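Please keep the sequence and the model in view while reading.

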Amino acid sequence: MIESNNLDLDNKNDIIFFNERAKIKSDNTTIEGNKGFLEKNIESIQVWGNAIIRSKERIVYSDSIFINNKKETKLVGDVEIHEKENMKIYCQFFFEKDGYSEFKGNPKIKFSSQSSNILIEGDNMEMNHNDSILSINNNSYISGDSIQGKSKKSTFD
């Protein structure tokens with residue numbers, strides 16, 4: 001379902017254009033953005049301008065969202081991902097496919113608990129969600145209430 005006050009349809013190419021704030025609902029996911037388009041024939045969506053993805057697993061804020069028929073997700077701009085209740089990811093570029101994520105552009109991950117917070121930074125981060133393994137490449141930095149460290153590369157399980 002698509003909700004917007006200003007839609008244009010290109011029936012020849014099977015494209016729906018959102019010219020104002022739009023809300024796209026599918027299964028358990030909602031995508032919102034100021035502008036964008038949905039290419040129905042190739043199952044691709046692009047949304048930009050205060051873009052938000054809401055699902056059971058997470059809430060995502062980004063300048064731009066691109067999702068294609070291969071279930072590849074690209075987030076570009078000021079990206080903020082609220083994963084579960086205790087993890088937030090901040091970066092400028094995020095790519096995800098098949099349980100694998102990559103964060104670039106000043107990436108940071110913040111883990112919060114009742115007793116402390118831990119902030120992890122690096123030049124490039126990769127996460128295997130299936131195995132819960134986080135790799136930080138180049139200039140890895142960890143800080144928290146009871147931990148602090150710096151290294152060239154780090155891996156967390």
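Predicted model: local features only at pLDDT ≥ 70, side-chain atom pairs only at ≥ 80, totals over all residues.

Six strands, β4 (22-26), β5 (29-33), β7 (44-54), β8 (58-67), β9 (73-83) and β10 (87-97), each contribute at least two residues to the lining of the largest pocket.

**The largest pocket**

- The volume of the largest pocket is about 970 Å³.
- Its lining comprises 32 residues, of which Thr 29, Ile 31, Ile 67, Lys 71 and Thr 73 are the closest to the centre of the pocket.
- Sorted by class, the lining of the largest pocket holds 11 nonpolar, 10 polar and 11 charged residues.

**The second largest pocket**

- Two strands, β13 (117-121) and β15 (133-144), each supply at least two residues of the lining of the second largest pocket.
- Nine residues of this lining are nonpolar, three are polar and three are charged.

**The largest nonpolar core**

- In soluble globular proteins, nonpolar side chains tend to be buried together.
- The largest nonpolar core of this model contains 27 residues.
- Within this core, the residues with the most contacts are Phe 18, Leu 75, Phe 103, Ile 109 and Leu 134.
- Two or more residues of the core come from each of β3 (15-18), β4, β7, β8, β9, β10, β14 (124-128) and β15.
- Which residues are in contact with Phe 103, leaving aside its neighbours within four places in sequence? They are Ile 89, Cys 91, Phe 93, Phe 94, Ile 109, Asn 124, Met 125, Met 127 and Leu 134.

**Strand pairing around β12**

- Strand β12 (residues 108-112) runs antiparallel to β10, and four bridges join the two.
- Tyr 90 has Lys 108 of β12 as its bridge partner.
- β12 also pairs with β13 in the antiparallel sense, over five bridges.
- Lys 108 has a bridge partner in β13 as well, namely Glu 121.
- β12 and β13 together form a hairpin, with four residues between them.

Methods. Residues numbered from 1 in each chain as written. Heavy atoms only, no water. 1 Å grid on protein atoms, 1.4 Å probe; cavity = no way out; pocket = protein on both sides within 12 Å on 5 of 7 lines; lining within 4 Å. Points joined across faces, edges and corners; volume = space filled by probe spheres on them. Nonpolar A, V, L, I, M, F, W, Y, C, P; charged D, E, K, R; others polar. Core = buried A, V, L, I, M, F, W, Y, C linked by side-chain atoms within 4.5 Å. Buried < 20%, exposed > 50% of the residue type's maximum accessible area, 1.4 Å probe, protein only. Contact = heavy atoms within 4.5 Å. Pairing = 2+ DSSP bridges.
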